[in-house]
Amino acid sequence: MRQPLLALLAKEPAHGYELKLALEQTFGEAYPSPNIGQIYVTLKRLETDGLVSSQDVEQDSRPNKRVYELTALGREALTAWVHEPIEGPRVRDEFFMKLVLAPMAGLADRMELINAQRRHYFGMMRNLMDMQAGMDAATPAARLLIEGAVLHLQADLDWLERCQEELV
Amino acid sequence: MIDLLASGGRPPDDTPVLLRAKGLVKVYRSGGLSVEAVRGVNIEVGIGEFVAIMGPSGSGKSTLLHLLGGLERATYGEIWLRGQRVDRLSESAWAVLRRRHVGFMFQFFNLLSTMTVADNVELPALLAGATPRQARRRREVLLAELGITAKANAAPYRLSGGEQQRVALARALANEPGLLLADEPTGNLDSASARDVLRLLRRTHEAGQAILMVTHDAKVAGLADRVISLFDGMVADDARVIPAPRRSAAVGDFLELRG
């Protein structure tokens, strides 16, 4: 949550609720709505670390709101984050452990394990396709998020097929 | 060892069976060698059901589809379409039945290059006995639904891959078949075209079209009612697709954005 908030603040100063809205508008329904409490806690920590600063702004007939802005240090940290390549995603290897080890101990049949896992993946794919069907008007970021999830799931299924070919 | 009988899935009990295959075997013989491409497959497809056939290359998917569509003869086994045994029919009798009740969509479209898009789509309806007026009406509706009305008078080779695929789908549906057979309908398509084809398949299926489709594309499995997994010419699994339990309505169950 830290870097996305810094990135949004790099555009313009904002208060916590505005940041929550900006995240929702960018990533759409496809991404879980950030918890406002978590946003405030993160902002507080960023301030302690000197990456953002804040000031109270008075509002008519409402409590003051706290507006945050990026510090020079914050901009430096953000720039470093933006230009740093990230580690590739980790392969979900729990199923693979089961698949390799359980049959050795006579605990399960590999074909049954693969079929059960595959059925689960198909069910997940159904969920994604249902989400995608309702997304024609969504933001590009939201649509690409689903497409990314679909591609990862396709890779999981392809790997399952390879395991089936080699191990069954 | 794969239990090829115990896992034989079937349509829900209240769905009448449209297509049934029992003990299908296909052996290819060449010289002194024989290869068993399909080794005892039982399949049922219900009226209006959408069934995907998946499996590694060489697992017998396309051969199975060809057997079920009568493009190749099975070595052993029975095929029943709409309650009628078809595998013993003569070539021509089966061809007539197919024109009426089965639509084919191939991976490489097989559109006739010397005919316009419109003629390609109308032809199967005409062959099935529709009047020219009926065939034209049906073609107009299909092309409109697929968003390719403007291409009606074009030659197929002037179209993009995605457009050709849509024409192939229109042609397969032209004679209002009870069953659509499709071989890798999203193969070789860019993601936008694949999405168009999937959307159409979803819509057609929702309107009651039965579909039996061979595919590598797991997205198709997400649309199907059932997925049959083939392995070494046998059914390794045959399962209804049931949405996985969700923690939230968002994509977070699949992909976590960090930062």
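Reader: In strand β5 of chain B, which residue is the bridge partner of Trp80(B)?
Author: Strands β4(B) and β5 (residues 84-85) of chain B run antiparallel and are joined by two bridges, which is enough for pairing (DSSP must find at least two bridges between two strands). In this predicted model, residues are numbered from 1 along each chain as its sequence is written, chains are lettered from A and ligands numbered from 1 in the order in which they are written. Local features need pLDDT of at least 70 and side-chain atom pairs count only at pLDDT 80 or more, while totals for chains, interfaces and linings use all residues. Within β5(B), the partner of Trp80(B) is Arg85(B).

Reader: Which residue of the hairpin of β4(B) and β5(B) takes a positive phi?
Author: This hairpin has two residues between its strands, where strands are DSSP runs of E of at least two residues, helices are runs of H or I of at least four, and both are numbered from the N terminus. The residue with a positive phi, near 50°, is Arg82(B).

Reader: In β4(B), what is the bridge partner of Arg20(B)?
Author: Strand β1 (residues 17-30) of chain B runs antiparallel to β4 (residues 76-81) of chain B, and five bridges join them. In β4(B), Arg20(B) has as its bridge partner Trp80(B).

Reader: How are helices α3(B) and α5(B) oriented to each other, roughly parallel or roughly antiparallel?
Author: Helix α3 (residues 117-127) and helix α5 (residues 161-173) of chain B pack with their axes 7 Å apart, at an angle of about 25°, axes being lines fitted to C-alpha atoms, for helices over the stretch in contact, and angles running from 0 to 180 degrees between N-to-C directions. Angles under 35 degrees count as roughly parallel, over 145 as roughly antiparallel, 65 to 115 as roughly perpendicular and the rest as oblique. The angle therefore makes α3(B), relative to α5(B), roughly parallel.

Reader: Which residues of α5(B) make the contact with α3(B)?
Author: Residues are in contact if their C-beta atoms, placed from the backbone, lie within 7 Å. From α3(B) come Val117(B), Asn120(B), Val121(B) and Pro124(B), and from α5(B) come Val167(B), Ala170(B) and Arg171(B).

Reader: In the open sheet of chain A, which are the edge strands?
Author: The sheet has three strands in the order β1-β3-β2, with antiparallel pairing. Two bridges join β1(A) to β3 (residues 62-70) of chain A, and in β3(A) the partner of Ala14(A) is Tyr68(A). Each edge strand pairs on one side only, and these strands of chain A are β1 (14-15) and β2 (52-59).

Notes: Two residues are in contact if their C-beta atoms, placed from the backbone, lie within 7 Å.
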